[in-house]
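Please find below a colleague's note on the model shown here.

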Amino acid sequence: MVMGDLVNEVDVAVLGGGPGGYSAAFRCAELGLETVVVDAGKRLGGACLYEGCIPSKALLHVAAVIGEAERAKEFGLDFGEPRITLDPLRKWKAERVVGKLSRGLASVAKSKKVEVIGGRGAFEDSRSIRVGGEEPQVIRFKNAIIATGSLPSRVPGLDLVSDRIMDSTAALEVPEIPERLLVIGGGYIGLELGQVYAALGSRVTVVEMTDGLLPGADRELVQPLLRRCEKMFAAIHLKTKVTGLKEVGGAIEAAVEGQESQAFDRVLIAVGRRAVSDGLGLQTTKVKIGERGLIAVDERCRTADPHIYAVGDVTGDPMLAHRAMRQGKVAAEAIAGRPSAFDNVAIPAVVFTDPEVAWVGLMETEARGAGRQIKVAKFPWAASGRAASIGRSDGLTKLVVDAATGRVLGVGIVGPGAGELIAEASLAVETAVTAEDLALTIHAHPTLSEGLMEAAESLLHQGGAS
Amino acid sequence: MARSFALPDLGEGLVEAEIRAVLVREGDIVKEDAPLLEVETDKAQVEIPSPFGGRVEKIHVQPGQTVKVGQVLVTFADGGEGATPVRSAPAAAKPAAAAVEAKAAPRLEGAPVPAAPSTRRLARELGVDLAALHGTGPGGRITDDDVRGAVGKPAPAAAKPSPAPTGPAKPLARVGLEPPPLPSFEQWGRVERQPLSHLRRTIAERMALSAALIPHVTHFDKADITDLNAMVTRSFEAAKGRGITLTLTSFLLKAAALALAEHPQFNASLDAAAGELIVKRYCHLGIAVATDRGLIVPVIRDADKKPVMELARELATLAQRVRDGKAALDDLRGGTFTITNIGALGGTGAIPIINYPEVAILGVARGREEAVVRGGQIVPRLLLPISLTFDHRVADGADGARFAQAIIRRLEAPETLFVEW
């Protein structure tokens, strides 16, 4: 430590102000611990609020409205072609959505007396963090929580630097509506943003390296999404790689494996996210960094350093805000000496495309792969009154239960509102309810939520019981 | 295929252990059953032998680290024996679950335990290993009652004693335990937070549970051990010659074992969930031993069937094992009644807390010469203060007094301790 350093002594220093970081900090404060958050942007919300979950959902809402208006033509309702003005759209997203939530978090921090320090922090040893930037200081902590999150991954070989080549962060700014957009990566980020731009009017081409969209997701759930994407997108190339990008006369020429080079006005690279763990001075601590820069933690979110915890994307997959938030609370409670553990069974995954795809727990392929005896029930939304009444019979609810006990192991849903419907399934998986419980619970009619009850009921009849 | 070896189930509701020493190095070729690691649980220090032979590819733990049951300790390189992992940390059932998650979910059967998050939290608070429980809820779901019922039980008991003849058994009301939040002590001055050791935490949890669940009642008395003491003194050298250190405690063990046979309700456990008293037809006596790590209660099996000399011999070796941290788990479980002798440290009496789920505990303080009136004469006698603390749900004051008398009677007529068994 250098003489003259401003030294700030705290109980808990949280590195990173994203969902994991602020959840941890707020819980620490509630438990009576003096807590500071170090965030490069001196704000709470992280990638989720400023360049991820929230702005993308705002844009997807816009896309959904456009899609609904288009569909309404079937019911004899024609609004005409949409006229899209980007400035008010961007302003609405930045101020009414992101700005409002950001101010909300700042006021929560203030009321909980959690100080947010602007600057980049790096460990100097297992008990202190040096913060550079406009508020230089050394923070002496009793415990620290690393919540530095993740950044969009780059593709080796595709390192051309150009305004026309965007990652998800840049794409969410909607710099323009490109006429031709190439999306590299058919995962959830590529599809969500691909659909946004397609709805706004871009001709979208998606290139995915594996043999299907949304790699890892249940194929039956992906089917309706694939059909919709085929309608919305100009082209979908599976099992295909983009091998080179060149800037040629105001456009990007993409070398696509097995095809002629094509020109695009913009390219979105959406091939996943990588943990942010370098530059944090972790070599001065006992924290261990594993493959892909991930920090290994135990179920109490402890790293190998007894005074340092880590939560969120920096600790690995699934890199989802809701996992980070739960981990943040676990870390805080562990620091306060409470018997908390991240023992969660169910981490729901939601893809906010049209139609939405959501799942939780163990899915069919995974379960069979693990050699588990399971029963699978499906409820196609073609039989749902509610789905018919909104003109969306293309959904499916899929239920995976343990063959012996009837316990709900996993649920997958595709269709409008799947992201909301999955909540009941998460509760079912997390609290180990049985299919019978679902079948015997009254679900409001007519709603899409009946799908889960119907699927469960069909299982009971299958077994000849009840 | 590499094979991984995970921390095995240690029984007794133990869910984690601290690695004390790693006895092999990466690259070592080890034989089956060769010692791999030394771990310390809440109860004992034990050596973990290698489950199979082969080359140690990777050691995932280091001394000082706390590991959970099911967490991978060592990976062995393929020995060409085609064996499957003994017990690998399974992949968690999660969407897009990754390798990192597997470590965070040390479940044994590859699937999460069927219990609500609140129930799992309760299990952590009470130190119950959910993986060892059988849920009574629909689909095998583990309920809060299942967890509370499992506290301190070695394994899910299969056989239940025949129900009481007076009618169907009913569960007793539960005791809610939710400590209020602590104030922020920092407002009054500097404080320091010290994490509890494993053993300390276990003791804390057990004692809090026992004190909260069991209505304790204590009966005090004094035993005249003048004759017993004379006998111990007389026989001390002779016993020493046979390698036995004769102590008062071994006679206490014998006296208690004999008295328990007369009063079996004190050699029992109350099954509150079933509304039944489980009377044990065996007599394994726990004896509190103070170690520098904290209180440990090793158990002497079948104390009722062994002569005093044998009890003295076993007690000495068992206590030594415990103090050396070498006790096996079997040395520490299955007790039916506990004796705690604080005499060596002085005091005129103490009220111990019952070793849950037992029914009673005998506390003994230091014997002192006192002036006693005998046949109109004041005579010096050596009196031993005893306290019998018992579960008032199971027995009443009069029962306790009679049981205490049954112990005292034998201590005062030491020859019975040699004859009665």
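1. Provenance. This is a predicted model, in which local features need pLDDT of at least 70 and side-chain atom pairs count only at pLDDT 80 or more, whereas totals for chains, interfaces and linings use all residues. Residues are numbered from 1 along each chain as its sequence is written, and chains are lettered from A and ligands numbered from 1 in the order in which they are written.

2. Chain A overall. The secondary structure of chain A comprises 13 helices and 22 strands; helices (H or I, at least four residues) and strands (E, at least two) are DSSP runs numbered from the N terminus. Chain A has 466 residues, of which 52% count as buried. A residue is buried if 20 or more other C-beta atoms lie within 10 Å of its own, exposed if 12 or fewer, and partly exposed in between, with C-beta atoms placed from the backbone. Among contacts in chain A between residues at least 6 apart in sequence, 66% join residues at least 24 apart; a contact requires C-beta atoms, placed from the backbone, within 7 Å.

3. Nonpolar cores. The largest nonpolar core contains 161 residues, and Ile145(A), Val267(A), Leu399(A) and Val411(A) have the most contacts inside it. Such a core is a set of buried Ala, Val, Leu, Ile, Met, Phe, Trp, Tyr and Cys residues joined through C-beta atoms within 7 Å. Helix H6 (residues 188–200) of chain A gives the largest share of this core, 9 residues. A second, separate core has 55 residues, including Ala259(B), Val308(B), Phe337(B) and Ile386(B).

4. Surroundings of Leu399(A). Not counting residues up to four places away in sequence, Leu399(A) touches residues that include Val376(A), Val408(A), Val411(A), Ala435(A) and Leu452(A).

5. Strand S19 of chain A. All 5 of the 5 residues of S19(A) (residues 357–361) are buried. S19(A) pairs in the antiparallel sense with S18(A) (residues 349–351) over 3 bridges, where strands pair if DSSP finds at least two bridges between them. Val351(A) has Val357(A) as its bridge partner, and a hairpin of 5 residues joins S18(A) to S19(A). S19(A) is also joined by 5 bridges to S22(A) (residues 408–414), again antiparallel.

6. Helix H8 of chain A. The 15 residues of H8(A) (residues 321–335) should span 21 Å at 1.5 Å a residue, and the end C-alpha atoms are 21 Å apart, which agrees; the expected span is 1.5 Å times one less than the number of residues. Because 14 of its 15 residues are buried, H8(A) is largely enclosed by the rest of the structure. Just after H8(A), Gly337(A) takes a positive phi of about 85°.

7. Strand S8 of chain B. Since 4 of the 5 residues of S8(B) (residues 72–76) are buried, this strand is largely enclosed by the rest of the structure. S8(B) pairs in the antiparallel sense with S1(B) (residues 3–6) over 4 bridges, and 3 bridges join S8(B) to S6(B) (residues 54–59), also antiparallel. Thr75(B) is the bridge partner of Ser4(B) and of Lys58(B).

8. Contact between the chains. The contact takes 33 residues from chain A and 25 residues from chain B. On the chain B side, H2(B) (117–126) gives the largest share, 5 residues. That side has 13 nonpolar, 4 polar and 8 charged residues; Ala, Val, Leu, Ile, Met, Phe, Trp, Tyr, Cys and Pro count as nonpolar, Asp, Glu, Lys and Arg as charged, and the others, Gly among them, as polar.

How values were computed. Contact = placed C-beta atoms within 7 Å.
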